[in-house]
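Subject: Structure for your review

Hello,

Here is the structure we talked about, with the sequence. My notes on it follow below.

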Amino acid sequence: MGEMSMGAAAACVGAAVWMLGGRHHGARRARLLLAGGGVVGTGPPSWEWAVGELRRLRGRLRAEWWAFGAGLVLALLGVSVIPVAAGAAGVPVLRRVRLAREVRQARERRGDAVIALCGGLAGEVRSGRQPGEALLRAARDSDGLGEAQGAVVAAARFGGDVPGALAVAARQSGAEGLLGLAACWRVAVDQGAGLAAGLDRLDAALRAERDQRADLRAQLAGARATAVMLAALPVLGLLLGTAMGANPLHVLLHTGAGLGCLVIGAVLEGAGMWWAARIVRRAEAT
């Protein structure tokens, strides 16, 4: 039964690849004939085409969909639908993790852009330019504040409310340092204080905060690596069992005791990962 399922799956995959390759190959021949150039061959698509298609597919698919692909492969190997269901259930979880990582990266980029803006603005002011012109030049050189950067540039160019525009831009995650820039701007314009000195202190404070976060992240890297290693141990156990000829997939997916162990192990695995992530998040928050 297992050999028949594997053979049917391989035949379906081969037919899909052949049909897809033939369609793209025919389209390529049609484009060459209509263009009127080159010699068109009639052979099957080359390996270079297959590699290019795989790369484009990898670029289009998000990382979380590889969980479904891994579940499909395990389902074919173990002749069971349970891995497919588990892979499909893991897709939204991995999507949430990916989106959280993208949000964190965007926040870090905005923080770096704010630091670059403060440093550039201090340099422009120190070179003798007026605050409005200096802000225009500094904002042009430090792109990364998102849509609110246009409002800040417009306020500086046409004599608008620059502190108000900076305060609005500071509502973005990671751009909170713009509140300090707005305060420096308001004090310098209203009371005639030195803008460059305040910007230097603000830039130093923002850099120190960024370095502190980076140091904390480096200290927590060991905890993250340990959690990932512990989460990968069950997979290593399955590989070792398969290498020893014990057929662990059959035991886990087709016996009552194996299904019970699989459910209990999955629950404990998920609880352990959640607890480790909670510890790391609390450490980062403090």
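Buried means under 20% relative accessible area, exposed means over 50%, and partly exposed covers what lies in between. L230 has a relative accessible area of 49%, so this leucine counts as partly exposed. Please keep in mind that this is a predicted model.

Overall make-up

The chain has 11 helices and 0 strands. Of its 286 residues, 25% are buried. Among contacts with a separation of 6 or more, 54% are between residues 24 or more positions apart.

Nonpolar surface patch

L230 sits in helix α9, which spans residues 195–243. Together with M229, L233, L236 and L240, L230 makes a nonpolar surface patch of about 490 Å².

In soluble globular proteins, nonpolar side chains tend to be buried together. The largest nonpolar core here has 35 residues, and those touching the most other members are L117, L121, L135, L178 and L181. At least two residues of this core come from each of α4 (82–126), α5 (131–141), α6 (148–157), α7 (162–169), α8 (178–191) and α9. Helix α4 gives the largest share, 8 residues. Which residues does L178 contact, once its neighbours within four places in sequence are left aside? They are V114, L117, L145, L166, A169 and A170.

A glutamine in a loop

Q172 is located in the loop between α7 and α8. Its relative accessible area is 18%, and it is therefore classed as buried. A polar atom of the Q172 side chain lies 3.2 Å from the backbone oxygen of A169. Q172 and L145 are 27 residues apart along the chain, with their C-alpha atoms separated by 8.4 Å.

Salt bridges

The whole structure contains 9 salt bridges. I describe some of them here.

E102 pairs with R98, with 3.0 Å between the closest N and O atoms. The two residues are separated by about one helical turn, because they are 4 residues apart in helix α4. E102 has a relative accessibility of 34% and so counts as partly exposed, whereas R98 is buried, with a relative accessible area of 10%.

R210 and D112 also meet through their side chains in a salt bridge, at 3.0 Å from N to O. This pair links distant parts of the chain, as R210 belongs to helix α9 and D112 to helix α4, 98 residues apart. R210 is partly exposed at 26% relative accessibility, and D112 is partly exposed at 36%.

R137 forms a salt bridge with E133, and here the closest N and O atoms are 3.7 Å apart. R137 and E133 are 4 residues apart in helix α5, which means that about one helical turn separates them. R137 is partly exposed, with a relative accessible area of 28%, and E133 is partly exposed at 39% relative accessibility. Both residues belong to a network of salt bridges that also links E124 and R129.

Regards

Conventions
Residues numbered from 1 in each chain as written. Predicted model: local features only at pLDDT ≥ 70, side-chain atom pairs only at ≥ 80, totals over all residues. Heavy atoms only, no water. Patch = residues over 30% accessible without salt bridge, like charges linked within 9 Å, V, L, I, M, F, W, Y side chains within 5 Å. Areas by Shrake-Rupley, 256 points an atom, 1.4 Å probe, with all protein chains shown as cover. Salt bridge = Lys/Arg side-chain N within 4 Å of Asp/Glu carboxyl O. Buried < 20%, exposed > 50% of the residue type's maximum accessible area, 1.4 Å probe, protein only. Core = buried A, V, L, I, M, F, W, Y, C linked by side-chain atoms within 4.5 Å. Contact = heavy atoms within 4.5 Å. Polar contact = N/O pair within 3.5 Å; in protein donor to acceptor, adjacent residues only side chain to side chain.
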